[in-house]
Amino acid sequence: MPALKGWGYKFLKSGVLNSLRGRYALVAIIVAVVVVGVAYLSYIKLNDAREQTSENTNARNQLLEHSRLIRDAVWNTRESLAAFLLTPNDASQQQNIYSYLDNAKTHTNNLLDQPWIIQHDKQASVQSLDETLDKLRLSIDELVKTRLDMTRQYPALALARGSMLPQHKVFYTAAAFAIEEFHEEPPTKLSLLSHQHFVEARHIWTQMISNFRMYLANRLGSFAEQVLGSQEQDVMTQYEDLEKTLNILQQMDNEGQLGIQGSVSLEELIASAHLWHDTFKNVKRIHNTDNWRADKKLIQDNIKPNMEKIWQLLISLDKDIELSVMDDLTALSRVAGNQINQLFLFTILALSLISLGYFALERTVLRPIASIANALKSASDGHMENELPKGGVQETKDLVSAFTHMHKQVQARQTALEYHALHDSLTNLGNRNRLNEHLEIAIKNAHRNQETFALLMLDLDRFKEVNDTLGHPVGDQLLIEVGIRLAGLLRDSDTIARFGGDEFAILLPTARETQASKVAEKVAAALADPFHIENQQLYTSASIGIASYPQHGHDASTLIQHADIAMYMAKKGTTGWAVYDSVQDRHSVGRLGLMAELRNAVRKNDLELHYQPKCDVSTNDVQSAEALLRWNHHEHGFIPPEEIISLAEQTGFIHDITVWVLESAIRQAGKWMKKGTPLNIAVNLSAHNLQDEKIVKHIRKLLAETGFP
């Protein structure tokens, strides 16, 4: 005992407990001894319970795996069925459907063989699942047959093909005979009048048939079901107009004013129109019920309920399997009850140690750390008023020293970060963040004072040529010189920012559009003067876009976007600057769409070549031709050639178009040569083509492939 007492005294005098680490180690050793002892006893008892539940868990996992595989197979059946409905002629989709159904059937049979199913009397539930899968298969068989037969799929379509189409042919043929009769005999006033009515009847019939086809396509394709009512009314209205015209012709026939062919044709017109209208009413009646599409009814009444039943059976089975876990939990709870008593004693000991540790921690650690935390909070607010603790454990002293050093470093870095966050590192001008910050302030001031201001977006022309030719260092120096020149032109209240690359922005507070235009002129003129960099004179120019608040936008992002659009408008002009125009903006959006469609037009061969002959005025002989590019757009109509070339040059697609034009022209000339009509063909090239080193080689290759001299 004296020796142990002496060792403890030496341990305390060694100074180990002066540090938080030493005190923590002492407490940790005590707690570790207790934890290891309790854990060992718990392990022995829990290991027995674990072995008992392991087998039950494996059995449940096998059941759940079969259930999951059935669910996956049914889900894949549903997905394959959806794909089949979209592409019914794809035989692989049908194979996938039945393959997944077979998988579900196989795993269902495997469930019946599991001992757990027998022990828990779940054979009836699994048998019901098996029967429902059989019903689902029969329903899918019927759906496949229906989807592959359009007349079964759409009942109204059979009426349209079997009755309405023949009546349309009868009506149109009869009308043609009646109209033709007018040309066979000398026209009279009465025959001219009857001819006009027959032409009008055919015109109304054509419109009615066209509207009916649109209505039928909309109904069968489900494109815009909300307009079906109005489409039906259009057809009925035109039929009423047709009846009025036919009644006029009937009255003329009663008065003997129609010819023989006209009278016969009129009877056929009236009969076919009535039969067509009666059939249309049946079509409309079918389309206004749920029976207009057979596959939809099959899905709703048979397939969907069977799938839902399968899901419910699987969910019920999974719940029963999960509930069986309670048996294992009951066994484990008995073991846990015994452990609680042991853990209770351990908890009392642990709480005692925690209480003693807390009081020691409060005095030596928590209070000093709280003082340091308050000092950190004050420092984060820009103050340093709290006094730091001078005593405590060694870790506290180290923390105070580190905090003092950190505070000095943070202050220095914060000052640098605040500057770099709002300035461009190359030109020392403001950056995008600074511009956005000033824009928000300008918007608030302008809104409050009912004032206006202007935003200018500036882009250097031919800057890429400077970078590519002279290198990026010269390009960077040019950007610095541009920033200096801009700063010398504007007021201190104006904001200049570099957006990145060769793009700059200028914010003119309280400036009106006319004032902004004058500033743009001054900036464009100043940047047109040469820059002297590394003993070289560099010439550049600027394209400037102007957007004003509130005319062109009420928020920062809109103003920047519209000024940017105006800048690209300025590139097309001659003044070097442009004010935002919403009409041109919409035109730009349209051009973006045309740019995308131009590539498709070349790939799909939608472009055309027309050939303009060149004649010798002395002999009037055609000796050559010029190839002219044409694009008749399905939506926008005729696109001018200069617009096509402009789009192609902007998108870099000019080479592909030129190759297409050359190949088409050479092949056409070859055809004329084979027919004995040799002609020279002139093909216009873009300036971009002249910069292509491969253009001559490609032309020679085309001539060699076609055999054209």
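**Close-up views of helices in a predicted model**

**View 1. Packing of helices α14 and α18.** Asn436, Leu439, Glu440 and Ile443 of α14 are in contact with Ala556, Leu559 and Ile560 of α18 (contact: heavy atoms within 4.5 Å). These residues comprise five nonpolar, one polar and one charged (nonpolar: Ala, Val, Leu, Ile, Met, Phe, Trp, Tyr, Cys and Pro; charged: Asp, Glu, Lys and Arg; polar: the others, Gly among them). This is a predicted model, in which local features need pLDDT of at least 70 and side-chain atom pairs count only at pLDDT 80 or more, while totals for chains, interfaces and linings use all residues. Residues are numbered from 1 along each chain as its sequence is written, and side-chain values use heavy atoms, without hydrogens and water. Helix α14 spans residues 432-449 and α18 residues 556-572, packed at about 110 degrees with axes 10 Å apart (axes: lines fitted to C-alpha atoms, for helices over the stretch in contact; angles: 0 to 180 degrees between N-to-C directions). The two are therefore roughly perpendicular (65 to 115 degrees; under 35 is roughly parallel, over 145 roughly antiparallel, the rest oblique).

**View 2. Packing of helices α16 and α17.** Helix α16 (residues 472-489) packs against α17 (residues 513-528) at about 140 degrees, with the axes 10 Å apart. This angle makes α16 oblique to α17. Val482, Arg485, Leu486 and Leu489 of α16 form the contact with Lys522, Val523, Ala526 and Leu527 of α17. Six of the contact residues are nonpolar, none polar and two charged.

View 3. Helix α9 covers residues 228-254, 27 residues in total, and reaches 39 Å from its first C-alpha to its last, close to the 39 Å expected at 1.5 Å a residue (expected span: 1.5 Å times one less than the number of residues; helices: DSSP runs of H or I, at least four residues, numbered from the N terminus). Just after α9, Gly256 has a positive phi of about 75 degrees.
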